[in-house]
Number of protein chains: 2
Amino acid sequence: MFQKILIAEDMDFINSGIRAELAKLEIKEIDYTQYCDEALLKLKSARLNNAPFDLLISDLSFNKDHTAQKINSGEELIKAVRKEFPDLKIVIFSVEDKMYRIQTLCNEDKINAYVWKSRDGMRELKKALQKIHNSNEFYISPNVAGALSQNEAVEIAEYDIFLLNCLAKGYSQEEISAALKNKNYSPTSMSSVEKRLKSLKEYFNANNVVHLVSISKDLGLI
Amino acid sequence: MFQKILIAEDMDFINSGIRAELAKLEIKEIDYTQYCDEALLKLKSARLNNAPFDLLISDLSFNKDHTAQKINSGEELIKAVRKEFPDLKIVIFSVEDKMYRIQTLCNEDKINAYVWKSRDGMRELKKALQKIHNSNEFYISPNVAGALSQNEAVEIAEYDIFLLNCLAKGYSQEEISAALKNKNYSPTSMSSVEKRLKSLKEYFNANNVVHLVSISKDLGLI
DNA sequence: AAAAACCTTACGGGTTTCCGTAAGGTCTGC
DNA sequence: GCAGACCTTACGGAAACCCGTAAGGTTTTT
């Protein structure tokens, strides 16, 4: 089994749960942190001391608190870790079930397992550790596996996210056009905004822009 | 301290964490369940056996699974428990920070503590147990205490929630009027819908209906 | 180099929403 | 019983959005 595991999880009651259960698996060393910056530091420090971690288990959302952080989310942490440790095995343990975010993590950040924080999340976490330790197979919780089996990934550009965010904030199309100019996006005309919104509505099968924004919130795009 | 505690929490990894930490507090008996129906049954059964629980710690959201339930949420569980056990101390331990839902629980369901599942959630859970055991004082996590200190609670009628849900589903105002007639709400004219939406926008300080729906989702109204 | 394809923008017309006003009905207070 | 307040609805005009078409510029393909 894994010998040295780092847990990056901001909630103390979840940290306790994971540590209590993993302790039963005869894992020699289990360390943990509630902060992303400290997680990266611990990984680096361990490598320098010739006693590297062989697994990182990380949450995705880290609530802000008084401690200023350079790395503000699990996604940022995973990117930073993957850059620095290309071969380290990484398990995401998250409540997130939004298709868009899971796809990005699996396809771009090359995580080794995605475990959904469901009722049987701990049981699945253990299964995932078993599976990825012995092989290079990828593990994903059955309930969210559908996020990856879609024929087409949701490919929404940063431009579109910006549009949707402007809509959600109550901007008119004229104001959206002005905001696009402000941020040096291209194109910026109102006609472009109209056309892009029309195609987004078609893509998501939305009846109108209210529906579009509602769907986007449900999908976790904004 | 409390002698016999029931934990109603659907996630196994959180159950583990809470039990592990509470075991350190010399609480004689800690039972748990992942299902609402079973929670109510356990409370009733214990009373019948003359060995009642003196505390219930419950989550709010319980994901559905294959096991059919009559009670489908923490809110429903709390209502049912409060009806049957008026004096039982109840602590909510939840990730929920939406003002609207917290207000309803505290004002209507008379819970004894609301502990937000934050980074220090476990530490706060312990503080809450200390506080409510010794007295009838109410405990709420500092971070979400603001939800109760608002001068006016958010008082949105069922009619308004219906309106907002229709909007989020992409209905036009004409379609909303028809849906209101269908459900025997009153009033139902398009003019009434216009006027009610106008006043909701004013109430929430929304620029337009897209903004209104976005705010409503953020507040947890829909 | 030229043609074709694609992108951006403007524009006009239709539809929906927004907003205020007015009329009629109901409820409340005197 | 009546006046005043409030609610519901209709309506008209303005504003915003929706949609297709057309023109000009840029990129790609031949």
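Between which two helices of chain B is the loop that holds B:Pro187?

Reply: B:Pro187 is in the loop that connects α8 (173-182) with α9 of chain B. Helices here are DSSP runs of H or I with at least four residues, strands are runs of E with at least two, and both are numbered from the N terminus. The model is predicted, so to speak of local features pLDDT must be at least 70, and side-chain atom pairs count only at pLDDT 80 or more, while totals for chains, interfaces and linings use all residues. Residues are numbered from 1 along each chain as its sequence is written, chains are lettered from A and ligands numbered from 1 in the order in which they are written, and side-chain values use heavy atoms, with hydrogens and water left out.

Start with the loop itself. The peptide bond from B:Ser186 to B:Pro187 is cis, and its omega is near -5°. In chain A, the bond from A:Ser186 to A:Pro187 is also cis, with omega near 0°, and A:Pro187 lies in the loop between α8 (173-182) and α9 of that chain. Most peptide bonds are trans, and most residues other than glycine have a negative phi. Another backbone angle to note is the phi of A:Glu26, which is near 60°, a positive value in a residue other than glycine. A:Glu26 is found in the loop between α1 (12-23) and β2 (29-33) of chain A.

Next come the DNA strands. B:Pro187 is among the closest of the 13 residues that surround DNA strand D, along with A:Gln173, A:Glu194, B:Ser191 and B:Ser192. A residue is near a strand if one of its heavy atoms lies within 4 Å of it. Of the atoms of DNA strand D that come within 4 Å of the protein, sugar and phosphate account for 59%. Some polar contacts (pairs of N or O atoms within 3.5 Å) can be named. A polar side-chain atom of B:Ser191 is 2.8 Å from a base nitrogen of DNA strand D. By class, the surface near DNA strand D has two nonpolar, six polar and five charged residues. In this sorting, Ala, Val, Leu, Ile, Met, Phe, Trp, Tyr, Cys and Pro are nonpolar, Asp, Glu, Lys and Arg are charged, and the others, Gly among them, are polar.

DNA strand C is also surrounded by 13 residues, the closest being A:Pro187, A:Ser189, A:Ser191, B:Gln173 and B:Glu194. Sugar and phosphate make up 59% of the atoms of DNA strand C that come within 4 Å of the protein. A polar side-chain atom of B:Gln173 is 2.6 Å from a phosphate oxygen, and an N or O atom in the side chain of A:Ser191 is 2.8 Å from a base nitrogen. Here α9(B) gives the most to the surface, with four residues. The residues near DNA strand C include two nonpolar, six polar and five charged ones.

Finally, consider the helices on either side of the loop in chain A. Two packed helices are described by the angle between their axes and the distance between the axes. Axes are lines fitted to C-alpha atoms, for helices over the stretch in contact, and angles run from 0 to 180 degrees between N-to-C directions. α8(A) and α9(A) pack at about 110°, with their axes 9 Å apart. That makes α8(A) roughly perpendicular to α9(A), a term for angles of 65 to 115 degrees, where under 35 is roughly parallel, over 145 roughly antiparallel and the rest oblique. A:Gln173, A:Glu174, A:Ile176, A:Ser177 and A:Leu180 of α8(A) meet A:Met190, A:Val193, A:Glu194 and A:Leu197 of α9(A), where contact means heavy atoms within 4.5 Å. That contact has five nonpolar, two polar and two charged residues.

Terms used
A polar contact is a pair of N or O atoms within 3.5 Å; within protein, one must be able to donate a hydrogen and the other to accept it, and residues adjacent in sequence count only if both atoms are side-chain atoms.
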